[in-house]
Amino acid sequence: MSKEELINKVRAKAEKWLTGLYDEDTRKEVQRLLNNKNPNELIDAFYKDLEFGTGGLRGIMGVGTNRMNKYTVGAATQGLANYLKKNFANLPQIKVAIAHDCRNNSRFFAESSADILAANGIKAYLFDDLRPTPELSFAIRELGCQSGIVLTASHNPKEYNGYKAYWDDGSQIVAPHDVNIVEEVRKITPEDIKFDGDENLIEIIGDEIDQKFLEKVKSVSVSPDIVARHKDIKIVYTPIHGTGVKLIPAALRKFGFTNIFNVPEQDVVSGDFPTVISPNPEEEAAMEMALKRAAQVNADVVMASDPDGDRIGVATKNEEGKYVIINGNQTALLFIYYIITRMKETGAMEGNEFIVKTIVTTEMISEIARRNGVECFDVYTGFKYIAEVIRELEGQKKYIGGGEESFGFMPADFVRDKDAVSSCALMAEITAWAIDQGKTLYEMLQDIYLEYGYSKEKMKYVIRKGKEGADEIKKIMENFRERPPEFMGGYKLEWIKDYSTLVKKNLITGDKQAIDQKATSNVLQFFTVDGSKISVRPSGTEPKIKFYFEVKGKLESRDKFNETEERAESRIENMMEELGL
């Protein structure tokens, strides 16, 4: 399609937004784009439709079919309403819980969604103000809802917003409902959206749910006696302008901690995220102010949550007294090690416990589980798959924890998504446990490596935009499948797992085994003879291909930790060079 043909197509789409179906402010903004001599902004807004995928909506806010606005959110909600009415036709009253984060327009989108649901005869429980995503997950089951909606773009930049849909178990929607809802949303035209809701079907919720949720969070504590002994450890916490400010300090106090230091500038709720470029606790820049605050007060642990309060960032002092961020794999490792170790020490293990991790997360978690007789399940990336395992084993086995490398952990099943509220409180308890033994959190991590073996993880992604980029990413995956490398980082390749065929092949013996997953996925994993792992997968939401590296090694003593780290880092760098990254 030529540029002129594209512009004509886009203008025709945009002119439909000048009709009476759209409000006056929207029509004025569309007209401004049409009048602009530079068509790029118009093209970006209308060249495609913002797709409601299996993870919901996410996009830049503004007018247009490719933007987050009243009408794209409206179509998503109307499609969800239609599906709920088909799926739960036997219920006298369908119910949906709705929450939102701090982002610009999140409250408006949440209220619009409540109106649309009410206009369709569905009862909407709408939180009175911003709330963490894990509380929305909890509220769905607590209120007996059939679905839930949260308005958030997680840790994306301030221009973005998003819309995630949940099912009656409190998890994000999985098959078959995910694809079925997508189909319903695709059918929606602007004329189909019912914006004028029955206010009697909208109930505002807030403090009562908060208190019930915090009581559940308190139940996550494994060592209340240790917390009591070290309740005054110094904790620095920042919500990075987001929803965590509502409940995470309260959760820490509920556990019994008394010495909590905030970062006042970042307690300010704002969708503009004025103190950071990106509100992502995975990035050191986002935690810079918290780390400075920690140095001022000599904090024992530093924690941050992302705008919707589901991801946790953690930092602690190293042997030189410098605050360092613990990566997502290490965070999950600390959680699993602590939960299993303390449950065994306190006699809480019943023999039917299980944990869940994603396939790209460190294999160290599997090793800890195996050595302690705890079953470990591997799932695809996304907490909805962790929640799916919990749902299938409900009443048979006991879930005690699960996480992924991208700074998400879920310590209990009363939430069925990433939960920074419970995780922050539990990480403070782990810090107290370390101090109880005369150690720092950093030294506790080293102890895990000494006992269970050492590993280092790193992720690298390559961005390839547009159709050409998508074709290039496809070609990269094809090349890996057709011509896998023989060596990686100096070690011979032993196994390849191809999740597109669900076949695991031994390159040395030729042996083939089935991979135990319900569905296929475009993911490849390479395992070397020493147990190191390289995972490759295209992103499902962004024009990226991601490479996850995990190299294995041996930590002989605590004083050789830095030396071991440097060797592992060098190996990963060599692997990246071999792959042309």
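Q: The axes of helix H10 (residues 244-255) and helix H16 (residues 420-436) come within 9 Å; why is H10 called oblique to H16?
A: In this predicted model, the two axes cross at roughly 40°. That makes H10 oblique to H16, because angles under 35 degrees count as roughly parallel, over 145 as roughly antiparallel, 65 to 115 as roughly perpendicular and the rest as oblique. The crossing is also right-handed.

Q: Which residues of H10 and H16 meet?
A: Leu247, Ile248, Ala251, Leu252 and Phe255 of H10 meet Ala420, Val421, Cys424, Ala425, Leu426, Ala428 and Glu429 of H16; contact means heavy atoms within 4.5 Å. Eleven of these residues are nonpolar, none polar and one charged; Glu is one of the residue types that count as charged.

Q: Why does Arg131 count as buried?
A: Its relative accessibility is 3%, and buried means under 20% relative accessible area, with exposed over 50% and partly exposed in between (1.4 Å probe, protein chains only). So Arg131 counts as buried.

Q: How do you know that the side chain of Arg131 makes a polar contact with the side chain of Asp210?
A: The distance is 2.8 Å, and a polar contact is a pair of N or O atoms within 3.5 Å, where, within protein, one must be able to donate a hydrogen and the other to accept it; residues adjacent in sequence count only if both atoms are side-chain atoms. Side-chain values use heavy atoms, leaving out hydrogens and water, and side-chain atom pairs count only at pLDDT 80 or more.

Note on methods. Residues are numbered from 1 along each chain as its sequence is written. This is a predicted model: local features need pLDDT of at least 70, side-chain atom pairs count only at pLDDT 80 or more; totals for chains, interfaces and linings use all residues. Axes are lines fitted to C-alpha atoms, for helices over the stretch in contact, and angles run from 0 to 180 degrees between N-to-C directions. Helices (H or I, at least four residues) and strands (E, at least two) are DSSP runs, numbered from the N terminus. A crossing is left-handed if the near helix is turned anticlockwise from the far one by less than a right angle, and right-handed if clockwise.
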